[in-house]
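Visitor: I would like to learn how to read a structure like this one, feature by feature. Please show it to me before we start.

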Amino acid sequence: MAFSPYHNITGSTGVTTELIKSGSNANNIQSIMITNTHSTDAATVTLFLQFNPTGAAPSTFNILSTVLIPVDTSLLLDDKALLSFNNSKYGLFITVGSSDTLDVLINT
C-alpha cells in the first residue's frame with residue numbers, strides 16, 4: 001500500500017489528518033517539511049505516531065506537540081533516527097489549529 005508524500009492541509013479546531021497510513025511501507029523517511037502557507041497567522045502543529053491495535057485503546061507518541069510555525073515559514077525535520085518507526089504497526093498523523101493552512105512534504 002503506497003502513501004502520498006504531498007499534503008495540502010486546511011485546518012479547523014482539532015482536525016487530525018493521517019499522513020501515512022499504517023502498513024503503507026514507508027519505513028525509511030528521510031525528512032518531513034511542514035510549511036505554513038497562511039498569509040497572516042502562525043500555525044499550531046502536533047505531529048504524532050499512533051498504534052491502534054484491534055480491541056485496544058490507541059497508543060499515541062508525539063514527535064511535535066503544539067509547535068507554532070510562523071507565517072510563511074517552514075519547519076524541516078531531518079533526523080532519520082527521530083523519523084524512523086515501524087510503519088507496519090504505526091501511522092503518522094498531524095493535528096492543526098483553527099484556520100491553519102499547511103503544506104507537508106515527506107521525503108523517503
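This is a predicted model: local features need pLDDT of at least 70, side-chain atom pairs count only at pLDDT 80 or more; totals for chains, interfaces and linings use all residues.

Visitor: Where is the place of H7, and which residues is H7 in contact with beyond its neighbours within four places in sequence?

Guide: Helices (H or I, at least four residues) and strands (E, at least two) are DSSP runs, numbered from the N terminus. H7 sits in strand β1, residues 6–10. Contact means heavy atoms within 4.5 Å. With neighbours within four places in sequence set aside, H7 contacts E18, L19, L102, D103, V104 and I106.

Visitor: Is H7 buried or exposed?

Guide: The classes rest on relative accessible area with a 1.4 Å probe, protein chains only: buried is under 20%, exposed is over 50%, and partly exposed is in between. H7 counts as buried because its relative accessibility is 13%. P5, in the segment before β1, counts as partly exposed because its value is 23%. Not counting residues up to four places away in sequence, P5 touches V104, L105 and I106.

Visitor: What elements does the chain have, and in what order do they run from the N terminus?

Guide: There are 1 helix and 8 strands in the chain. The order is β-β-β-β-β-β-α-β-β. The radius of gyration is 14 Å, close to the 13 Å of the globule rule for 108 residues, so the chain is as compact as a globular protein of that length. That radius is taken over C-alpha atoms, and the rule is 2.2 Å times the number of residues to the power 0.38. Of the 108 residues, 37% are buried.

Visitor: Which residues have the most contacts inside the largest nonpolar core?

Guide: A nonpolar core is a set of buried Ala, Val, Leu, Ile, Met, Phe, Trp, Tyr and Cys residues joined through side-chain atoms within 4.5 Å. The largest one here has 24 residues, and L19, I32, I34, L47, L92 and I94 have the most contacts inside it. Elements giving two or more residues to this core include β2 (15–20), β3 (31–36) and β7 (90–96). The element that gives the most is β4, with 4 residues. Take L92 as a case: leaving aside neighbours within four places in sequence, its contacts include T17, L19, I32, L47, I63 and F85.

Visitor: How many bridges join β4 to β7?

Guide: Two strands pair if DSSP finds at least two bridges between them. β4 and β7 run antiparallel and are joined by 7 bridges. β2 and β7 also pair in the antiparallel sense, over 5 bridges. T95 of β7 is the bridge partner of T16, and T95 is the bridge partner of T46 as well. β7 is mostly covered, with 6 of its 7 residues buried.

Visitor: Which residue other than glycine has a positive phi near 50 degrees?

Guide: Phi is a backbone angle to check residue by residue. D72 has that value, and D72 is in the loop between β5 and β6 (74–77). D72 counts as exposed because its relative accessibility is 60%. T66, not a glycine either, has a positive phi of about 45 degrees. T66 lies in strand β5 and is exposed at 54% relative accessible area.

Visitor: Which residues is H38 in contact with, leaving aside its neighbours within four places in sequence?

Guide: They are V71, D72, S99 and T101. H38 is in the loop between β3 and β4, and H38 is buried, with a relative accessible area of 16%. A polar atom of the H38 side chain lies 3.1 Å from the backbone nitrogen of D41.

Technical notes
Residues are numbered from 1 along each chain as its sequence is written. Side-chain values use heavy atoms; hydrogens and water are left out. A polar contact is a pair of N or O atoms within 3.5 Å; within protein, one must be able to donate a hydrogen and the other to accept it, and residues adjacent in sequence count only if both atoms are side-chain atoms.
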